[in-house]
Amino acid sequence: MEALFFNVNTGFLEGIVRGYKAGMLTQGQYSNLTQCESLEDLRTQLASTDYGNFLANEPSPISTSTIADKALKNLVDQFNFIRSNAVAPLDKFLDYITYAYMIDNLVLLITGTLHKRKLTDLLKRCHPLGWFEGMPALGVASNAEELYHTVLVETHWRKRTAEYFRDCLKVDDLDALNIEIIRNTLYKAYLEDFQRFCQSLGGPTADVMGRILAFEADRRAINITINSIPTELTKEQRARYFRQLDDYTQADDIDQVRSACDSVTEYRTFFEGVSGNGGTSHGDEEGAAAQIEDRFFVEEVNLNKIAFLQQFQYGVFYAYVKLKEQEIRNITWISECIAQEARNRIQDYIPVF
């Protein structure tokens with residue numbers, strides 16, 4: 001019965017998103033892209049995929065930023081089509097997907113405002129999925145207090161985002177030194193709220209999204225710990241951003257983070273071949289963080305691919321957006337390697353299919 005009602009309201013859109021997923025780049029198509037000698041060759045190769053002639057009207061010579069922007073626009077158009085045809089509770093689920101991008105845009109605008117950047121330049125850098133109507137008004141604020149109150153007022157139409165901001169932060173937190181702290185505090189509130197919503201839906205959606213969101217929370221916790229080891233961020237401050245991973249808060253170097261992850265089978269292999277040398281070198285910590293981050297991307301791809309193995313659940317919509325984002329990162333990486341003639345690194349992308 002549950003599956004019957006799911007198909008009545010969402011079956012069409014699930015079919016659409018599974019069709020989108022079937023049109024993603026294959027390993028053979030990636031191989032063709034890596035053999036391109038120029039970005040013009042890359043444009044031709046992409047035209048033979050489901051991207052079609054999305055670059056046909058772009059003048060030569062084409063840039064890597066143009067390719068990335070147009071690929072992102074393709075994803076945004078697909079998402080907006082799904083969103084415009086969604087009914088409850090899928091419409092709210094899709095809104096939750098956009099909240100993460102809203103947080104990124106909000107932090108970008110806060111940073112730019114505090115550093116007196118031009119509003120027009122900031123708005124161009126905002127992610128289109130995180131756009132909200134009050135964004136331009138944020139650039140009018142001249143100090144931290146005005147900015148704080150403007151966020152609460154101008155984001156009222158996205159009540160949940162404003163609530164994260166109001167509940168997690170005070171006006172005194174808005175300064176250049178606290179930007180990443182602000183971002184991670186908001187993300188923690190967002191992930192916890194999204195998790196509660198998915199669990200309220202129950203069924204396969206709660207199961208699929210529970211795994212994905214738990215992984216995202218763990219990833220952020222581990223990355224925060226590793227990146228904060230050589231900084232002045234205290235263990236107590238780290239704990240504010242974690243889900244239930246108390247062992248990480250006590251870590252002073254990569255080896256201690258590794259020990260905390262040994263009890264989690266999925267994460268144990270992430271640290272193979274990674275050494276922080278006791279945390280004595282900031283460069284060592286950065287290199288280790290980069291290696292681990294790449295392995296997290298691989299695991300994220302696997303989890304999102306697994307989401308498509310179950311039917312009658314909303315996780316496929318979230319999974320498709322994340323898989324498509326990875327595909328866009330891959331295309332951008334290959335484009336940059338071609339443009340900079342760094343062919344020795346052109347294979348260092350993360351395959352999706």
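## Cavities

On a 1 Å grid over the protein atoms alone, a cavity is a set of points where a 1.4 Å probe fits but cannot get out. Grid points are joined across faces, edges and corners, and a volume is the space filled by probe spheres set on the points. The structure described here is a predicted model, in which local features need pLDDT of at least 70 and side-chain atom pairs count only at pLDDT 80 or more, while totals for chains, interfaces and linings use all residues. Residues are numbered from 1 along each chain as its sequence is written, and side-chain values use heavy atoms, with hydrogens and water left out.

Three cavities of 30 Å³ or more are found in a search of the whole structure. The largest cavity holds about 50 Å³ of space. Its lining consists of Val17, Tyr20, Gln78, Phe79, Ile82, Leu94, Phe317, Tyr320 and Val321. At least two lining residues come from each of α1 (2-22), α4 and α17; helices here are DSSP runs (H or I, at least four residues) numbered from the N terminus. By class, the lining of the largest cavity has eight nonpolar residues, one polar and no charged. In this scheme Ala, Val, Leu, Ile, Met, Phe, Trp, Tyr, Cys and Pro count as nonpolar, Asp, Glu, Lys and Arg as charged, and the others, Gly among them, as polar.

## The second largest pocket

A pocket is an open set of grid points with protein on both sides within 12 Å along at least five of seven lines, and lining residues have an atom within 4 Å of a point. The second largest pocket contains about 390 Å³ of space. It is lined by 15 residues, of which Ala68, Asp69, Leu72, His127 and Pro128 are the closest to its centre. Helices α4 (64-85), α6 (119-125) and α17 (315-339) are the elements that give two or more residues to this lining. Seven nonpolar, two polar and six charged residues make up the lining of the second largest pocket.

## Arginine 43

Arginine 43 is placed in helix α3 (residues 39-47). With 14% relative accessibility, arginine 43 counts as buried, a class that means under 20% relative accessible area, whereas exposed means over 50% and partly exposed lies in between (1.4 Å probe, protein chains only).

The side chain of arginine 43 forms a polar contact of 3.1 Å with the side chain of glutamate 40. Such a contact is a pair of N or O atoms within 3.5 Å; within protein, one must be able to donate a hydrogen and the other to accept it, and residues adjacent in sequence count only if both atoms are side-chain atoms. When its neighbours within four places in sequence are left aside, arginine 43 is in contact (heavy atoms within 4.5 Å) with Leu55, Ala56, Glu58, Pro59, Ser60 and Ile62.

## Backbone geometry

Most residues other than glycine have a negative phi, and most peptide bonds are trans. Serine 60 and proline 61 are joined by a cis peptide bond with omega of about 0°, and proline 61 lies in the loop between α3 and α4. Another cis peptide bond, also with omega of about 0°, joins alanine 88 and proline 89; proline 89 is in the loop between α4 and α5 (90-114).

Phenylalanine 312 has a positive phi near 60°. This phenylalanine 312 lies in the loop between α16 (282-306) and α17 and is partly exposed, with a relative accessible area of 28%. Glutamate 341, in the segment after α17, has a positive phi of about 55° and is exposed at 69% relative accessible area.
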